[in-house]
Amino acid sequence: MRKVSRIVLRTHTCGELRSNHLEENVTLCGWVDRVRDHKGVIFIDLRDRWGKAQIVIGPDAPAEVMERARAARSEWVISATGRVGRRPEGTTNPKLLTGEIEVVCSDLEILNEADTPAFQPGAKELPGEEVRLKNRWLDLRRTDMQNNLLLRSRIVKIMRDHFDELGFIDVETPMLGRSTPEGARDYLVPSRLDHGAFFALPQSPQLYKQLLMIAGFDRYVQVAKCFRDEDLRADRQPEFTQLDVEMSFVDANDVTSVIEDLVVKTAKKILDVDISLPLPQLTWAECMDRYGHDAPDLRFGLEIIDLTEDTKESDFRVFKSAVESGGKVRGILVSGAAEKFSRKDLDVLTAMAVDAGAKGLVWLKLDAAGLWTGPVAKNLGSVVAENIRTALDAKPGDLALISADSFDVTCKTLHTLRKHLGKKLNMYDQSSMHVSWVVDFPMFARDEESGNWAAMHHPFTAPHPEDLEKLTSNPAECRAVAYDLVINGSEAGGGTIRIHDRATQQKVFELLGISHDHAQERFGFLLDALSSGAPPHGGIALGIDRWVMLFGQLDSIRDVIAFPKTQRASDLMTGAPGQVDTKQLAELGVRTIIPPKAAGETNSNVK
RNA sequence: GGGGGUGUAGCUCAGUUGGUUAGAGCGCCAGCCUGUCACGCUGGAGGCCGCCGGUUCGAGUCCGGUCACCCUCGCCA
């Protein structure tokens, strides 16, 4: 530990002393993790970020030191000075890195007392998340959380070094920008100097980084905070961090290669895992066909098989009506699972299917004689039954789960079941990493509410060169030059090659139902910039929070964020969001339509 | 906005069919203890059973509502 100031409170950290420090006189500072008072001798486990060390206050210690040690309580901040001694034979602690030694205390100073903590940061039992978030400073004292944030710091360092070595320039972009009604809901900030006008916090620095390319910066990178006012999930926060990247004079391959090298470095340095390049690439269409999802977990098989052709002769009403209305019959085969799933288990799977939007779920078990059994088996007809058996390559004892519905619904249903079964049946190693690209996304998808075309990625995505003509003739089949990075079934990043000419950009705006005037008003600066010498460019954004979660094998994004928000986007520690003075509102020219809550009526947990 | 789960001591939880004074472990406080490391032993304090209402002779337990937290669908270009 280097001295950072002239007032040296400590000579070493709590985690660094070893037997090579024996007989040295040291001073440690930290938090009292535990006190074991044996009257004549007191042991204090002193803890800091670097580790734990045992302080011994024996009968030889000065009386006032003994007294102070006896007074010390959990989480008090103390400094202890003494000689590094070897622990007596039989009293070493192999569980501690410093377990060979102890500090024989000659002086002890209480730097700060502490109230009894709401929970013990050193305890094995993890408190409920509400308690952890309310007392986040205590939660962050826990070794797990300290390791998580350390991991995050290391990953961000790897990212920064990687892009620095490749000549990328870190440029900051504004947090106060203009609202764009497309995409996610914006967080708004009222303008004091222009009443009735609002800034929006960035959903991503998308347009700014494109303008940096047009300005000639060539290679841009930023660790960028992004804000989206949408509902939360275990892997979603209203404010999150992206590693934002943009490059000029590149095609998709140039961008993905840069990221692939980063994936390899990160996996090697963090997990000591070797990832071979190039990463597998699946097209979006292939993903939907084989896995029913655009970010499939490829750590296991359980692929979807299309049975539409095999079942078209069937009189079974469920299959027939699905196909007649333009849908599909598709299924997955769960090998050897027939016996593992009782009627009750299958009811649960059916409920999951219904939850995913299906009308029901067809399940079939292949018996020893090679015949399908199950409530609808007799409705199939022998030809169709045999077709299904062949198509699925089913063996006696196998379970088939079949969904007959629109293509979209079968995707959703079978994806849900696949994900559930993969985990439940332990079909993969939880700690393994599978990284791949999903490419050739469609440019557009129908917006279900309005029926209009909506950009699948964002409105600045370049159409696939081969599909340029389809942009007008057949937008539904026009592919985009887009690529998503998928790790273990989680979207860990996504990017596109951008439109770099004004005419194409205007055409895409038109298709999205953004009128000429509206486009001019909202994106005029982009259109002007595009017609002022815009280089071909493209980029990607990586979700840093998700990367840390995935590389740290954690289940919640909140565990890799120092001060996260709850599902209702509130901060239990500070009480944000909170009420403001009417005076503040008046200055901003803002009035709320809900009367201010009386004191004590707020949701705030702050006393 | 919809579905599901949880809410009992500071923390983690148990609490039977609705029935006496709501329990345990950890923590806290006091005492004892010279080699512990989840120290040990003895004693003690600590409860708006989330909140509001209802049913009942009687509610932690049943019913309705509500709030918070978590998971999830919608949503997240």
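In this predicted model, a polar side-chain atom of Asp-231 sits 2.7 Å from a base nitrogen of RNA strand B.

| Protein side chain | Atom of RNA strand B | Distance |
|---|---|---|
| Asp-231 | base nitrogen | 2.7 Å |

Strand E1 (25–37), strand E2 (42–48) and helix H2 (129–134) are the elements that give two or more residues to the surface near RNA strand B. Overall, 52 residues surround RNA strand B, and the closest are Thr-91, Glu-102, Gly-128, Ala-455 and His-457. Of the RNA atoms that come within 4 Å of the protein, 54% belong to sugar and phosphate. Sorted by class, the surface near RNA strand B holds 20 charged, 18 polar and 14 nonpolar residues.

Two helix pairs can be described next. The axes of helix H13 (residues 502–511) and helix H14 (residues 516–530) come within 10 Å and cross at roughly 155°. Angles over 145 degrees count as roughly antiparallel, and H13 and H14 are therefore roughly antiparallel to each other. Their crossing is right-handed. On the H13 side, the contact is made by Arg-502, Gln-505, Gln-506 and Phe-509. These residues meet His-516, Ala-519, Gln-520, Phe-523, Leu-526, Leu-527, Asp-528 and Leu-530 in H14. The residues of this contact divide into six nonpolar, four polar and two charged.

The other pair is helix H9 (residues 343–355) with helix H11 (residues 407–424), whose axes come within 8 Å and cross at roughly 135°. H9 and H11 are therefore oblique to each other. H9 passes H11 in a right-handed crossing. From H9, the residues in the contact are Leu-349, Met-352 and Ala-353. Their counterparts in H11 are Thr-413, Thr-416, Leu-417, His-420 and Leu-421. By class, the contact of H9 with H11 has five nonpolar and three polar residues, with no charged residue.

Helix H9 also contains Thr-350. When neighbours within four places in sequence are left aside, Thr-350 is in contact with Gly-360, Leu-361 and Trp-363.

Some backbone features remain. A cis peptide bond joins Leu-277 and Pro-278, with omega about -5°. Pro-278 is found in the loop between helix H6 (252–271) and strand E11 (281–283). Another cis peptide bond joins Ala-576 and Pro-577, where omega is about -5°. Pro-577 is placed in the loop between helix H15 (544–551) and helix H16 (582–588). Glu-23 has a phi near 75°, a positive value in a residue other than glycine. Glu-23 is found in the segment before E1, and strand E1 is among the elements that give two or more residues to the surface near RNA strand B.

Definitions and conventions. Residues numbered from 1 in each chain as written. Chains lettered and ligands numbered in written order. Predicted model: local features only at pLDDT ≥ 70, side-chain atom pairs only at ≥ 80, totals over all residues. Heavy atoms only, no water. Axes fitted to C-alpha atoms, helices over the stretch in contact; angles between N-to-C directions. Helix = DSSP H or I, 4+ residues; strand = E, 2+ residues; numbered from the N terminus. Parallel < 35°, antiparallel > 145°, perpendicular 65-115°, else oblique. Left-handed = near helix turned anticlockwise from the far one by under 90°. Contact = heavy atoms within 4.5 Å. Nonpolar A, V, L, I, M, F, W, Y, C, P; charged D, E, K, R; others polar. Near = heavy atom within 4 Å. Polar contact = N/O pair within 3.5 Å; in protein donor to acceptor, adjacent residues only side chain to side chain.
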